[in-house]
2 protein chains.
Amino acid sequence: MSEKRDKAIAYAHKNQDRFLEELKELVAIPSVSTESKYQKDIQRAADWLAKELGNLGAKNVAVLPTAKHPMVLGELPTTQNAATTILVYGHYDVQPPDPLELWETPPFEATVRGENLYGRGTSDMKGQLIAGLKAIESIVKTDHLPINLKFIFEGEEEIGSPSMSEFIRKHKDNLKADLALNLDGGIVSADLPTISISVRGLAYFELRVYGATSDLHSGMFGGAVHNPAQVLCELIAGMHDAQGRVALPGFYDHVRPLSAEDRQNFARLPTDDTYFLKTTGAPALFGEVGYSAVERIGGRPTLEINGLYSGYIGEGSKTVLPAFAMAKISCRLVPDQDPGEVHQQLRQYLQDHAPKSVRWELGQFAGTPASSIDPHQPQVQALAQAMERIWKVKPVFKREGGSIPIIGELQQIMGMPTILVGFGLPDDNLHAPNEKLHLPTWRRGIDTLIHFFYNIIEAQQG
Amino acid sequence: MSEKRDKAIAYAHKNQDRFLEELKELVAIPSVSTESKYQKDIQRAADWLAKELGNLGAKNVAVLPTAKHPMVLGELPTTQNAATTILVYGHYDVQPPDPLELWETPPFEATVRGENLYGRGTSDMKGQLIAGLKAIESIVKTDHLPINLKFIFEGEEEIGSPSMSEFIRKHKDNLKADLALNLDGGIVSADLPTISISVRGLAYFELRVYGATSDLHSGMFGGAVHNPAQVLCELIAGMHDAQGRVALPGFYDHVRPLSAEDRQNFARLPTDDTYFLKTTGAPALFGEVGYSAVERIGGRPTLEINGLYSGYIGEGSKTVLPAFAMAKISCRLVPDQDPGEVHQQLRQYLQDHAPKSVRWELGQFAGTPASSIDPHQPQVQALAQAMERIWKVKPVFKREGGSIPIIGELQQIMGMPTILVGFGLPDDNLHAPNEKLHLPTWRRGIDTLIHFFYNIIEAQQG
């Protein structure tokens, strides 16, 4: 096995310039998903990936239309029985390049400066996609792969993956796998490899509070009726207690507590409180008492106000007593909270606390549970060992504060756990001008993925 | 004296058709103050009034420019020593007529239908202006007036009287009077004459709460920093106590309590709680415990949220952790609250309660104290007796919930009290299509004002 690994690694090293050229080729296709003027480029990027899968010898390669942008599918099956199946996920769409004038080199002409490759999508995530594909190429061109690989590449990640849920349901049988390898992750610093083992869920609500049937003059009516903006604020104020905990009834009932090991992992992350103070520019950090910032973000649920509106918000003054007030409210959820239950908890809270002098309505926009994978699971350990082999340091297991719809959906619809990995860095300027990819880290990533697959193969062969 | 009154009343009755024609003439001038396309009409209306003052024999008649629309001044001095001086106030500007398609007859062609005259400004307040001028004409054409009258008519009331404060300061000596008679009031129903003896003051603020230096991703940072929208809501929630009282420190220290007589006056008003429920359409009334709605509006101070903004307020969801949140907050003040003190009370409250995890800024847009006149003052009694004579019912003394800048400014700058009176009705469709004036009430108003002036004269001679 060691010899096979060496051959694949040697292939990767020998071909690294070509790999870079191919990445540049993919970056040159401006596959921006938000704007319809890039529709043809979206299709070109999907076709480029389908061709790439063909070059790897993949079967059943297809570019399937959705309501919006196409999905690219493919399979590299093995003839071996009872082999592990891994579903490799990536997205080929990118954020718009604006503001263009802030780019030092054109966003769609990937340019090497120093150790970095600059261009839109180099880090998020065409670079990560190519890393995965080139690791696989390095194996299949030098060896027979005794595991099953399946591929799903979408073109809608940057617009919230609107077609993904329905697509997964429809292609459930084709997508079946033991594990998803989501290449859309990142590492916390160039010298500390990272495996993301959970993402938070999301339950997003809109609360509207209604008072009088129309806006009133605050002089002629101020004092007669309950101001819905005031009521909304009072309701929101009651949603947290003095310890920064969420005060919805039963909110923490199913929250999985952080283990000692979880807390050790959090403590290893370089993103300490000083980091968050500097990054956010806030006068002070704040949150649930008893947890560090990184624990609160990755390991604890939150309730945030995402938007507030009522009455007059223009310049100067208008003496209006508003007829209604609105808040966008979202909860980030951790394992094992249920978004439907959280919805009921918020509804119960409002029933218990909203005064009779107003009417209220609660709408829901999203409800995705958190997803997580056990860091002791063999496939996660396979990746951890691969990382340690390359970096000479044990990787840190990270819990992500954000929610990645595809991870939640694979968990919910297919019961499939996801390992989230990638080799972008926090300062890669994602979604911003001068996005870049750190090439030494990227090359380590390709080697890591080669070892990951061989670790899986070895474990399978026992 | 009785004979003189009779002559003046007879003159008014004899000329009532001409009075109506002159009102129609003034309504026909579309003196809309908000839109610059009516600039010439504004000037025409000012000139029309100057000419009208000339017809009354007024001296020092002038149409004086301001930064925006002209002021009309004039005087009817008496040679008698130690005579009472009354400053008659009115505004000749009107609200825009839109939406035009909802008018049954053209807004600037005043049309009689049944007992009403329909047209923009018939009630607010060209009708009231003409009532005042025609009461005076009825006296000066049949008698010598042994009191001093001064006139100030503005063209900016409907846009908030931006030039008034500076104008009063500049013309302080010319405008000196014992009392202002502001004709811009109304009565609560056609069978219940009303004298407004106070208006509330206004202190208007904008509160901004800042957290991180820019909007953050609510997943990647939710839990790390204090959400400024949440902090704003918590601060606002603390501004009222459970009894609906304003919780700023010292807020009620100088509030003049309602006397038994005040409360009897409030109880006489037909606008009871059922009225406010129906008018506002709110599910229930709400306010400071221990007071009726009309008492809370006219006699008690309030703190209202006039506007709220933070983060994302469009359709659907955006997972933003906002960098700032804003509220427009205004207090309606009663005698003897000081707007500057209220500003300090709000600032103190924020200093005491805002957490260190946010920054905040407080701006102020307006600060006008409440104004009031003692209903036992002889001139108020002169008006009350005149009303009782015509209506055969004692007038009700009303305290207005709104704030009328000119009343506050005359009080503040000149120390001059104001009697606010007028003969419009609550259903006159002010600022709306099909504005109308109830002609029988209007004619009673002219007779009332004739008696008012004679009562003043009698008291002076008495």
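In chain A, strands E4, E5 and E18 form an open sheet of 3 strands, in the order E4-E5-E18 and with antiparallel pairing. Strands are DSSP runs of E with at least two residues, helices are runs of H or I with at least four, and both are numbered from the N terminus. Two strands pair if DSSP finds at least two bridges between them. E4 and E18 of chain A are the edge strands, each pairing on one side only. Direction ignored, neighbouring strands of the sheet are turned by 25° against each other on average. Axes here are lines fitted to C-alpha atoms, for helices over the stretch in contact, and angles run from 0 to 180 degrees between N-to-C directions.

The model is predicted; local features need pLDDT of at least 70, side-chain atom pairs count only at pLDDT 80 or more, and totals for chains, interfaces and linings use all residues. Residues are numbered from 1 along each chain as its sequence is written, while chains are lettered from A and ligands numbered from 1 in the order in which they are written.

Within the sheet, 3 bridges join E4(A) to the antiparallel strand E5 (residues 116-118) of chain A. Thr111(A) has Tyr118(A) in E5(A) as its bridge partner. Helix H4 (residues 122-140) of chain A packs on the sheet and touches E5 and E18 of chain A. The direction of H4 makes about 50° with that of E18(A). Helix H15 (residues 439-461) of chain A also packs on the sheet, touching E5 and E18 of chain A. For H15 the angle with the direction of E18(A) is about 65°. Contact means that the C-beta atoms of two residues, placed from the backbone, lie within 7 Å.

Between the chains, 68 residues of chain A are in contact with 68 residues of chain B. Strand E11 (residues 302-311) of chain A gives the largest share of the chain A side, 9 residues. That side divides into 31 nonpolar, 27 polar and 10 charged residues. Here Ala, Val, Leu, Ile, Met, Phe, Trp, Tyr, Cys and Pro count as nonpolar, Asp, Glu, Lys and Arg as charged, and the others, Gly among them, as polar. E11(A) runs antiparallel to strand E11 (residues 302-311) of chain B, and 5 bridges join the two. Ser310(A) stands opposite Leu308(B) in E11(B).

The largest nonpolar core has 270 residues. Such a core is a set of buried Ala, Val, Leu, Ile, Met, Phe, Trp, Tyr and Cys residues joined through C-beta atoms within 7 Å. Leu383(A), Ile450(A), Leu383(B) and Ile450(B) have the most contacts inside it. Not counting residues up to four places away in sequence, Ile450(B) touches Arg5(B), Ala8(B), Ile9(B), Ala12(B), Ala135(B), Ser138(B) and Ile139(B).

Most residues other than glycine have a negative phi, and most peptide bonds are trans. Ser161(A), not a glycine, has a positive phi of about 50°. It lies in the loop between strand E6 (148-154) and helix H5 (164-170) of chain A. Ser161(A) counts as buried, with 21 C-beta neighbours inside 10 Å. The cut-offs are 20 or more other C-beta atoms within 10 Å for buried, 12 or fewer for exposed, and in between for partly exposed, with C-beta atoms placed from the backbone. Asn434(A), also not a glycine, has a positive phi of about 60°. Asn434(A) is partly exposed, with 16 other C-beta atoms within 10 Å. The peptide bond from Asp98(A) to Pro99(A) is cis, with omega near -5°. Another cis peptide bond joins Pro335(A) and Asp336(A), with omega about 5°.
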